[in-house]
Amino acid sequence: MSRRITISLAFLGCAFAASDPFSKKLSHNLQIAHALNRLSFGARPGDAEAVKKLGLKKWIHRQLHPGTLAENPQLEEKLASLKTINLSASEMAAAYPPPQVIKAMAEGKLALPDEPDQREHVAALVTLYKRRQNGSNEKLTPAQRKSLLLNPPPGQTVAGELVEAKLYRATYSERQLQEVLADFWFNHFNVYVDKGADRYLTTSYERDAIRPHVLGKFRDLLHATATHPAMLFYLDNWQSTIVAKGKAKGLNENYARELMELHTLGVDGGYTQQDVVEVARCFTGWTIRPASGTRGRAGLYGGEFFYNPRLHDNGEKTVLGVRIPAGGGQKDGEQVLDILVHHPSTASFLARKLATRFVADDPPAALVERMASKFRGTDGDLTKVMALMFESKEFWSEGAYQSKMKSPLELVVSAVRATGADLERPLALANLLKTMGQPLYRKQEPTGYSNNGEDWTNSASLLARMNFAVALEENKAPGVRTAKSAAVNLRAPEFQKR
Amino acid sequence: MNRRIFVKTSGLALFGTGAIPGWLARAAEGQKTRKKVLVTIFQRGAMDGLHAVVPYGDPRYKPLRPTLAITDSLNLDGFFGLHPALAPLKPIWDAKQLAIIEAVGSPDPTRSHFDAQDYMESGTPGLKATRDGWLNRALPSDAASPVRAVAVGPDLPRMLRGKQPAVALNSVREFQVRDAMAAREFESSFASSSMADLSRETFEAVRILKSLPAADSKVTYPASRLGQSLKEIARLIKADVGLEVAFADMGGWDTHVNEAPRLAQLLGEFGGALAAFWQDLGDRLDDVAVVTMSEFGRTAKENGSRGTDHGHANVMFAFGGGIQGGCIHGKWPGLAPENLHERRDLAVTTDFRTVLSPLVSSHLGNHAANVFPGFTPEPFTLFGAAASQPTNGARRE
């Protein structure tokens, strides 16, 4: 379609340019609303005035440089109530032990945590385990019994707080673009929190591998995901080894394929099944070192990246036509990441995906090409690519305005923000998102959730959205306290769009 | 059935929607018999078909799967056996109703989940530009019930998207705007928005489902998502609301690592849900055909992590609607290296559209050529006496 438009422009001149909605300039008084719809999770009462006062350009610049923005104290207070979000994976596995770790503790292979409250609780879990498993008669102390009553199971705390932190940040953060991008890039490099050890690794994955790089260099983002145990576990690379050598068992293609199809080149980016095998060979030995003092599965929950040369296939490989000489060791994988980052398909694939999120479901090809070219020219500098997009005529066009159907997350958070409501129990909202088809951190497939607004339109979703609008207005929405009525009409069809 | 429709008709009149839709009028006049229904089930993630329906008679099977080979499968025909967790399906096979189609898949060689699912749902392998799904195109275009096409779940799948209205619902119970006044307000404000069609179709369906008789199933469905989805579909079928096609899906089949325990659980859920549906529908199954599919199969050889990677051909299950069961349909290509696709995956000997075409034409009464444009099905007998067709019986090495 966009190609057709280009042709008609070429032949018929500028008179017909007006028929292309991406050439029609968005009227000035809609620009602030548009920017707030796209760079944030929706306007709060007073946001539009504040942006107007500051100046739209300046506001965008600050959003692109979130370090210059003071964070909302209300957010910091909410986050301070969460106990796990700043722990390392191994600290978390020790303090909030999963069943595998409880087992290791019961068998005396692992020590109890030091912190007194945690120690009491974990000791209670260990006692319960022993009674169930080997018929021990050990009794719970009153303090232990109380602790079990008051606290949810450890794994639930960990995954629950991850979800709570996301909804708090989306709702309250002043660094809105950073939050939108954290959501975008996590979804791009999706992992599934309910897959085994990822229950404990996902917190660190988002915090340490995704968030620091969303406005940095793509190569750093890619490398951080490639070496994070959450990704190594989710796409099984930790198990992929050179074929039949001692304990080594053989290749697993899962990560290699998704790395090219979903993370970099795109499915039509020009790789073959042979490339998948060769890339998988390059990444053999990129595995997980179990948390210290543990053996077996339990250790994965607090694991770290580890290159194991004994599992690596050190033979020669050819990836996308590039020869990777024998004996490269860990550098093989690094070289693959370099090849992929600099491949022209990667720039186009990522530019199109970003433009689909921020401009339109079917973004103009000319814009995508300019963004891709900026990506190539700046060694994948994501801030520069974003800045180009936010300065483009296509972004500020009628074709872009209100053209995107909100995802369930965008709809729910934008409604909470619009009413200035207080998010009291984020997990209740998360439950609602599940019935709307977007359970947070729980997209099982590596594709992540659809970036295309149209995919979120169906009758079940429409009714759920309507019910939510009514409930929020009547202060009956789960987990949310609404003090005053919204400045915008939550029931209006336009509110479903951004 | 006619009485139920009349009740609903008067219900509609109370809502003041004006003229009675043509399909209701015809149904009320008794001109129509019970609708034929096609139920499709998608196993997302690529089920390991060689683990589900075990070709234990193929001498290459065990060597390819040193840790995964199933040794206690439930014998079907002396060559294939069902995974023990699929035991709930055995009675359907024994009743000569369960058809198993082997070595079926897409002619497109992609090993991308996303693309392969997309092709299996659009019904046009290799063509990404197709906008609608084959199950939507499979609907006859005459006036019909607002709930003629239903997907259970929070999303409307690619397969059901298209020109004909199709409804996604989590459950009949949840399918409403709880506040009646707000519902009227929404219906009128959305009628003049860019979501007008979706809104109108949704509220029409809400009105029909509001007056649905209470569920009266005596069968206990498994608590799994697929079990609950099929329970909703059975309820709609039995209520005669004009359902023609239905969709349910089940994820989790992408088993790259330590797949045996995971698949035992998934296959148990899958088999249990299908068996409950079979039992629940009883003789309604004369009008209802069920077919299952998964985007591609998995590597014939197990990988380095007691799992399998992305492969090619897979297995489909089908029953009801006069489908010839108790036999293996299709041609078995064998597991010898030279017979494998790219020397690694079970080869496709039957195009998935060849299996779906008779369901579209003989069962739903639509033209398969319109549903699968540019495709000519191979000779294939899904209905009637398939076992007597020599080209159709699974050929062994």
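Gly303(A) sits in the loop that runs between helix H17 (297–300) and strand E2 (304–307) of chain A. The model is predicted. Gly303(A) counts as buried because it has 25 C-beta neighbours inside 10 Å, where 20 or more are needed. Leaving aside neighbours within four places in sequence, the contacts of Gly303(A) are Ala89(A), Ala197(A), Pro229(A), Ile288(A), Arg289(A), Pro290(A) and Ala291(A). Phe186(A) is 117 residues from Gly303(A) in sequence. The C-alpha to C-alpha distance of that pair is 20 Å.

**Helix H15 of chain A**

How many residues of H15(A) are buried? Eleven of the eleven are, so the helix is largely enclosed by the rest of the structure. Among them are Arg257(A), Glu258(A), Glu261(A) and His263(A). Leu259(A), Met260(A) and Leu262(A) are also on the buried list. These buried residues pack against four helices of chain A: H13 (218–226), H16 (273–282), H18 (331–342) and H19 (344–358). After H15(A) comes Gly266(A), with a positive phi near 85°.

**The interface**

Between the chains, 35 residues of chain A are in contact with 40 residues of chain B. Helix H15 (254–264) and helix H24 (459–473) of chain A each supply at least two residues to the chain A side. H24(A) gives the largest share of that side, eight residues. By class, the chain A side holds eleven nonpolar, 17 polar and seven charged residues.

**A helix pair in chain A**

Helices H22 (residues 408–419) and H23 (residues 426–435) of chain A pack at about 140°. Their axes are 10 Å apart. The crossing is right-handed. H22(A) brings Pro408(A), Leu409(A) and Val412(A) to the contact, and H23(A) brings Leu429(A), Leu432(A) and Leu433(A). Six of the contact residues are nonpolar, with no polar and no charged residue.

The class counts for the two contact regions are set out here.

Chain B has 13 helices and twelve strands. Of its 397 residues, 56% are buried. Take the contacts in chain B between residues at least 6 apart in sequence: 73% of them join residues at least 24 apart.

Three strands of chain B form an open sheet in the order E2-E4-E3, with antiparallel pairing. Which strands stand at the edges? They are E2 (53–54) and E3 (74–75) of chain B; each has a single partner strand, so one side of each is left without a neighbour in the sheet. E3(B) pairs with strand E4 (residues 81–82) of chain B over two bridges, in the antiparallel sense. The bridge partner of Asn75(B) in E4(B) is Gly81(B).

**The largest nonpolar core**

The largest nonpolar core has 253 residues. Members that touch the most others are Val279(A), Ala351(A), Met371(A), Met389(A), Val412(A), Val150(B) and Ala318(B). Helix H11 (residues 259–281) of chain B contributes the largest share of this core, eleven residues.

Two of these members deserve a further word. Val412(A) is also part of the contact between H22(A) and H23(A). Ala318(B) touches Ala99(B), Ile101(B), Ala289(B), Val290(B), Val291(B), Ile323(B) and Leu382(B), not counting residues up to four places away in sequence.

Methods: Residues numbered from 1 in each chain as written. Chains lettered and ligands numbered in written order. Predicted model: local features only at pLDDT ≥ 70, side-chain atom pairs only at ≥ 80, totals over all residues. Contact = placed C-beta atoms within 7 Å. Nonpolar A, V, L, I, M, F, W, Y, C, P; charged D, E, K, R; others polar. Buried ≥ 20, exposed ≤ 12 C-beta atoms within 10 Å, placed from the backbone. Pairing = 2+ DSSP bridges. Axes fitted to C-alpha atoms, helices over the stretch in contact; angles between N-to-C directions. Left-handed = near helix turned anticlockwise from the far one by under 90°. Core = buried A, V, L, I, M, F, W, Y, C linked by C-beta atoms within 7 Å.
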